[in-house]
Amino acid sequence: MAKCPQTLAGITLDCTTSQGGIKKVWIADYNDVTFTKTGDKISAISTVDKFKPFEFRRGTSTMTSTLTADETTGVNYVTTELSLVFTKMDTAKRIEMAALSIGQLAVIVLDSNGVYWVLGDEDYVSASAGGAETGTAKGDRNAYTITLKTESSTYPYEVEADVVEGLA
């Protein structure tokens, strides 16, 4: 039986504060950008200026990566879903939701720890679900929701901070 050697380095206990959530995302057309990897990080993005900011209220949006592995078939890939909530339905947001729902996208995510992550470096990101809700009572959420999804060979790559300095 063939062996599949791996180089393991181990993981030490990280005693620093870690916060959940995401702060902001930037989205561009997949065909407008190219990512360069150096080692295990994204070290360059061809056209950072093509990314547009998408902002949302704190505690409403999330990024989740799920490993799918099947020893019998040799399948091993990661699905990453970015769920975004944009409060207060209006025409401008409706137009953006429509464009996101049919687009082939590249995404940069800023998490609550100040780390930037890339989705779409191997293959484009696309919408997998979405909706709009007015709520029932005055205190209910009125918002658009969209889930963007990509599948890749590994978890999202971190972007070196100086690469994304130009993002607004």
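Let's start with strands β3 and β11. β3 covers residues 41–45 and β11 covers residues 157–159, and the two pair in parallel over two bridges. Strands here are DSSP E runs of at least two residues, helices are H or I runs of at least four, and both are numbered from the N terminus. Pairing takes at least two DSSP bridges between two strands. K41 stands opposite E158 in β11.

A word on the source. This is a predicted model, with local features needing pLDDT of at least 70 and side-chain atom pairs counting only at pLDDT 80 or more, while totals for chains, interfaces and linings use all residues. Residues are numbered from 1 along each chain as its sequence is written, and side-chain values use heavy atoms, with hydrogens and water left out.

Now the sheet. It is open, has seven strands and mixed pairing, and runs β2-β3-β11-β8-β7-β1-β4.

Next, the cavity. A cavity is a set of points on a 1 Å grid over the protein atoms alone where a 1.4 Å probe fits but cannot get out; lining residues have an atom within 4 Å of a point. Volume is the space filled by probe spheres set on the points, which are joined across faces, edges and corners. One cavity reaches 30 Å³ or more. β8 (116–119) and β10 (143–152) each supply at least two lining residues.

Note on methods: On a 1 Å grid over the protein atoms alone, a cavity is a set of points where a 1.4 Å probe fits but cannot get out, and a pocket is an open set with protein on both sides within 12 Å along at least five of seven lines; lining residues have an atom within 4 Å of a point.
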